Amino acid sequence: LVKHSEWRAALDLYPSIQRESTVKGGGGRRAMRIDEATYTGFIAAACSLKKVEKALELLEAMRRENLSPSRVVYTSLISVCGRTNHMDLAVRVFREMVSRRVPIDAVACNALLGACARRGWGKLSTRIFRFMVDTGIGPDRNTYAQLIYSQAAHGQHERAQMFFDMMVEDGYSPNRSHYNGLIKAYNYGGDFAKSTELFEEMKASRIEPDASTYQALLRQRLSLSRDDRAKREPAETPLEVRDLMRALREASEENEEEEGGVAAARNNQKGSRRSPPSSSASSSSSPSSSPPPPPPPAPQSTPF
C-alpha cells in the first residue's frame, strides 16, 4: 500500500495490526510482532498525510519495542514537521538523530533546510550549512536552493548571492528555483535593478520563468508607489507592473493545466492498480536481504 501511495489505507491497518501484536500465543509469546520495516511504512504513511502527532506516536512505539528508527524515518519526520510549521519539532528530531548516531546525509539536512526556507529562518539555515561543512556532508543543488530561499524572505541578498556563487563554484548550474530565490532576495531588499538583471539573465540562459518568478518580481513592487518604483527600476529595461501581472496570470494558467494533467494521470494509475490481477500473474518472490549498514559515525554536536 505504501509503495503504491495508498497512505490512508496503509495507516488504517495500524490499529488492527497493533491489537494482533498484543495477543499472546503459545508459551506466552506474542503471535505477531511489528518489525522495523512495518513501523517505517506506517510512519511514511503518516508523514505523507501530514499527521505529525500520529507519526510521533509511531516513533515512540518503535522506541518501546527497542527498535532503532532509520535515517529514512527521521528524514520523513523532519520533512513533515517543516511542512506543517512545527519547526521546534523538526529541530528536536534532527538533534535526536545526531545524538543517537544515526548516519546523517544531505537529504536529512535538506529536509531541515527546507523547513527553514518556508519560515525564512536564514540564521538557522546558515548554522545547518556550517554543520554540514564541519561533518563532511557535501551540499547538493537542493541544499543551495533551500539556503538561498532561507535568506530571501528578509531580503538578505548578500548572503543569498554568496550561496548562489558557492553553488556555481561547486560545479552546479543554477536552475529556475535558484534564480527565483535570488530574484526574491534582491527584490525584497529593494534592489529592483539587480532583480531585473537576474530576470534577463535567467531568460538568456533559456530558463523559462514561472508563476513564482513573477510573484517574486511583483510582491515588493506593488507595495511601493509609482514614483518610488520608477526610482528603483533600471532605466534601460524597466519592468512594468501590468506586464508582470499579465505574465503571472499566463504562468498560473499553465501551472493549473499541468497540475490537472498530473492529477488525471495519477487517478488513472490508481484505477489500474485496483483492477483485479489476471490469473496468469505469477507470485512475487521474496525480497533479497540487503547488506548490513555501515557502522555509525562518531557523535557530532549540533550548533543549534
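Because the model is predicted, local features are given only where pLDDT is at least 70 and side-chain atom pairs only at pLDDT 80 or more, whereas totals for chains, interfaces and linings use all residues. Residues are numbered from 1 along each chain as its sequence is written, and side-chain values use heavy atoms, with hydrogens and water left out.

The protein chain has a mean pLDDT (the predictor's confidence in each residue, from 0 to 100) of 78, and 69% of its residues reach 70 or more. Among its helices (DSSP runs of H or I with at least four residues, numbered from the N terminus, strands being runs of E with at least two), confidence is highest in helix α10, residues 157–169, at a mean of 96, and lowest in helix α14, residues 226–232, at 56. Over residues 274–299 pLDDT stays under 50, and for this stretch the model has five contacts (heavy atoms within 4.5 Å) beyond four places in sequence. Where pLDDT is low, the predicted coordinates should not be read in detail.

In secondary structure, the protein chain comprises 15 helices and zero strands. Of the 304 residues in the protein chain, 39% are buried (under 20% relative accessible area with a 1.4 Å probe and protein chains only, exposed being over 50% and partly exposed in between). The accessible surface of the protein chain, calculated by the Shrake-Rupley method with a 1.4 Å probe, comes to about 17600 Å², of which 47% belongs to carbon and sulfur atoms. Among contacts between residues at least 6 apart in sequence, 64% join residues at least 24 apart.

Ile-78, found in helix α5 (residues 71–83), counts as buried because its relative accessibility is 0%. Not counting residues up to four places away in sequence, Ile-78 touches Ala-90, Val-93, Phe-94, Met-97, Ala-108, Ala-111 and Leu-112, while the C-alpha atoms of Ile-78 and Leu-89, 11 residues apart in sequence, are 7.6 Å apart in space. Ser-150 belongs to helix α9 (residues 141–152) and is likewise buried, with a relative accessible area of 1%; under the sequence exclusion of up to four places, its contacts are Leu-113, Cys-116, Ala-117, Gly-120, Trp-121, Gly-122 and Ser-125.

The structure holds six aromatic pairs, where rings of Phe, Tyr and Trp (its six-membered ring) pair if their centres lie within 6.5 Å, with planes under 30 degrees apart taken as stacked, over 60 as edge-to-face and the rest as tilted. In one of these pairs, the ring centres of Phe-94 and Phe-131 are 5.6 Å apart and the planes stand at 75 degrees, so the arrangement is edge-to-face. Because Phe-94 lies in helix α6 (residues 87–99) and Phe-131 in helix α8 (residues 122–134), the pair ties together parts that are 37 residues apart in sequence. Phe-94 is buried at a relative accessible area of 0%, and Phe-131 is buried at 3%. The rings of Phe-129 and Phe-163 also form an edge-to-face pair, with centres 5.3 Å apart and planes at 75 degrees, linking helix α8 to helix α10 across 34 residues.

A charge over a ring (NZ of Lys or CZ of Arg within 6 Å of the ring centre and within 35 degrees of the ring normal) is found where Lys-194 lies over the face of Tyr-186, at 5.9 Å from the ring centre.
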